[in-house]
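I opened the model to look up the folding of one chain. My notes follow.

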Amino acid sequence: MGIACLLCSNAALAHPHNWIDLRTQINIDERGYLTGFSQHWSFDQFFSMISYAELMNEYNDEPIGLASTALKMVANVAPDSYLSELKVAAEVIPLPVPKRYTLESVAVNGSPILVLKMNFILKEPKLVTGKSITLQTFEPSYFVAMNYPSQEHVRVVSNTLHCTAQLIRANPSEELIDYATSLDRNVKETQGLGDDFAERVTIQC
Amino acid sequence: MLTSMIRGFKIREIKPHWWLLIVLCSGFIALYNSFLWSGLVHYIASTQLTFHKLLNAQVMQVAQQPEVYGFSLMAISFVYGVFHALGPGHGKAVIVSYLASNPQSRLSSCLLAFSAAMFQALTAILLVTSLSLILKYKYAEIAVSASNFSLIGYGLLLALGGFIALRSIVQLYKTEKTHTSCGSCCSSANIRVQEKSLSQLLLVAIAIGLRPCSGALLILVTSSLLGIYQFGVLGTLAMGLGTALATCVIALASQYATKFLNKTLTLYSDHQQQKRYSLCIQLAGSIFIILLAWALIDTNNTLTNPIL
C-alpha cells in the first residue's frame, strides 16, 4: 500500500504502518461441530481514505471498485492462509476460500472506513465438545497490526452448547517492542515478527 | 613477537591531531551502535506519527471548510517544519557535519541550509504533482519514486563524503611531508583548508533535497485526494520555510562552534599544527557523512502492505 511506504521510506518510521480492527464470530452447530467463522477487518482511517480514493480513481464506480479491491485483498492474503491460524486442540484446520467476501465503505466522521468481511465455512466441520479452539489472526511481517479492540469483538454462536470465548493479548517483551518500533529495514528481517504481537482467541465448549 | 611489536609502537609517536581524529571517529561509531541512537530513532518515529495524524486531520478539516482551516493548515505545517528541523534528521546531520568540517562564511552556511530545505519541499511538490495529477499514477508508485529519489541523494552524499575524505587525506600526507620545513610554510596563505566552493555547497543541498520530506508528501497526497491540492502546495511551502529557518539557526550554531574550536586550537599550536587539526576534523566529518549515507542506503526500502 502506497502511502505507508511514503512514510516509511522517509522518516525512520517504525512498524506497524497500518492498523486493522478485528471482529470475529465463530459458529458451532447444534451437534457441537465447528462449522466455520466470519471475520470483519476494519482498516484504519488513512489506509481507508487512500484506498477508497484509488479505487474510485481506477473504476469510477463504487460497487465495482469495492468488489475488485475485495478480490485483490482476498487473493493477496490467500497464500498466507487468510492471515488466520485456526486450531482445534493441537490440530491445524486448513481454511477454505471464503464462501462470501465483501468490501464495504462505512462513513465515519465524514471519511470512509473500509471493512473487509469474510465468511469461512469449513469443508469438514470439527467436533469441538471438550476441546479448545484457538484462532490467531496476524500479518507475519507486522507491517499491519491486527487487533481486537475489546473482548466484545469476539463472539461464539452456538444454540446448544455453552461456549466461552477468551481474548488473550500478546505479551511481547520490551526488547521486541523496541525492535519493532525502531524497525526500518527490509522485509526479511521482519518476517515472523507479527507472530509475537498476535492476539489469541481461545474458545472452550 | 607481539611484545616486540608493542615495544616498536610508541604512544608518543602518535601526534595530537591523530588523537583528535581517533577520538572523533570512535565517538561517531559508538553513537551509531549505541542505545542512544536507537532511542533517538524511536523518539523520532513516535513524534512523527503524532504529527502525521495531526496534519492528516487538519487536511480533512480544510476539505470541509477551506476558508476557516486553510490558514491553520499552513501554520501547523510551518510548526511541523520547524520541529522537523530541530529534531534529529539526516539533512541536519549532513549540514552540521559538513559545515563543522568545511568552514564556510555565515552567508553560505545559511544559504546551504535554506536551499536544502526548499529543495526538499520542491522535490515533494514536483513528485506528487507530476505523478498523481498529470500521469494519474498510483500512490504505491509515488512511494517507489520517492524512495529512488532519496537513493540518488544518498549516493551523492556517499560520493561527496568520499571525495572530501580523500582530499583531506592527501593534504594531511602533504603537511606531514613538509613537517620539517615548517618555518617557510607558516607564512603562506594556505591555513584556511576549505576555499569557498559554491558548486560543492549546491551539491550538498541537492543531495539532501532529493529526499522529499514525509510530512510534505502526506499533506500533498491527502490534499490532492480531497480536491484541495493548492492548500497542500501552500502547506508544503510553509513547511519548507519552517525547516529552512530552523536549519539556518543550526547551521549558524555549528559555524560558531567550529570558529570557537579553531580559535582554541590556535592558542596552543602553530599554523602548521592548526592546519593539521582542521584537516583531521574535516576527515572525521567526511567519515561521518559516509557512515550516515551508508546507513541511509542500507535502510532505504519500499516495504508494502501485503494485504493491498
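I counted helices (DSSP runs of H or I, at least four residues) and strands (E, at least two), numbered from the N terminus. This is a predicted model, where local features need pLDDT of at least 70, side-chain atom pairs count only at pLDDT 80 or more, and totals for chains, interfaces and linings use all residues. Residues are numbered from 1 along each chain as its sequence is written, and chains are lettered from A and ligands numbered from 1 in the order in which they are written.

**Entry: overall make-up.** I found 12 helices and zero strands in chain B. Chain B has 308 residues, and 40% of them are buried (20 or more other C-beta atoms within 10 Å of the residue's own, with C-beta atoms placed from the backbone). I then looked at contacts (C-beta atoms, placed from the backbone, within 7 Å). Of those in chain B between residues at least 6 apart in sequence, 86% join residues at least 24 apart.

**Entry: H6 and H9.** I took helix H6(B), residues 106-134, against helix H9(B), residues 198-209. Their axes are 8 Å apart and the packing angle is about 35°. Axes here are lines fitted to C-alpha atoms over the stretch in contact, and angles run from 0 to 180 degrees between N-to-C directions. The crossing of H6(B) and H9(B) is right-handed (near helix turned clockwise from the far one by less than a right angle). On the H6(B) side I noted B:Leu111, B:Leu112 and B:Phe119, among others. On the H9(B) side, the residues include B:Leu201, B:Val204 and B:Ile208. By class, this contact has nine nonpolar, five polar and no charged residues. Nonpolar covers Ala, Val, Leu, Ile, Met, Phe, Trp, Tyr, Cys and Pro; charged covers Asp, Glu, Lys and Arg; the others, Gly among them, are polar.

**Entry: H6 and H10.** Next I checked H6(B) against helix H10(B), residues 214-225. Their axes come within 9 Å and cross at roughly 30°. H6(B) and H10(B) are therefore roughly parallel (angles under 35 degrees). H6(B) passes H10(B) in a right-handed crossing. B:Ile125 and B:Val128 are among the H6(B) residues there, and B:Leu217 and B:Leu220 among those of H10(B).

**Entry: confidence.** Chain B has a mean pLDDT of 77, and 77% of its residues reach 70 or more. pLDDT is the predictor's confidence in each residue, from 0 to 100. Over residues 180-194 of chain B the pLDDT is below 50. That stretch has 15 contacts beyond near neighbours in sequence. Where pLDDT is low, predicted coordinates should not be read in detail. For the complex, the predictor gives an ipTM of 0.77 and a pTM of 0.66.

Technical notes: A residue is buried if 20 or more other C-beta atoms lie within 10 Å of its own, exposed if 12 or fewer, and partly exposed in between; C-beta atoms are placed from the backbone. Two residues are in contact if their C-beta atoms, placed from the backbone, lie within 7 Å. Angles under 35 degrees count as roughly parallel, over 145 as roughly antiparallel, 65 to 115 as roughly perpendicular and the rest as oblique.
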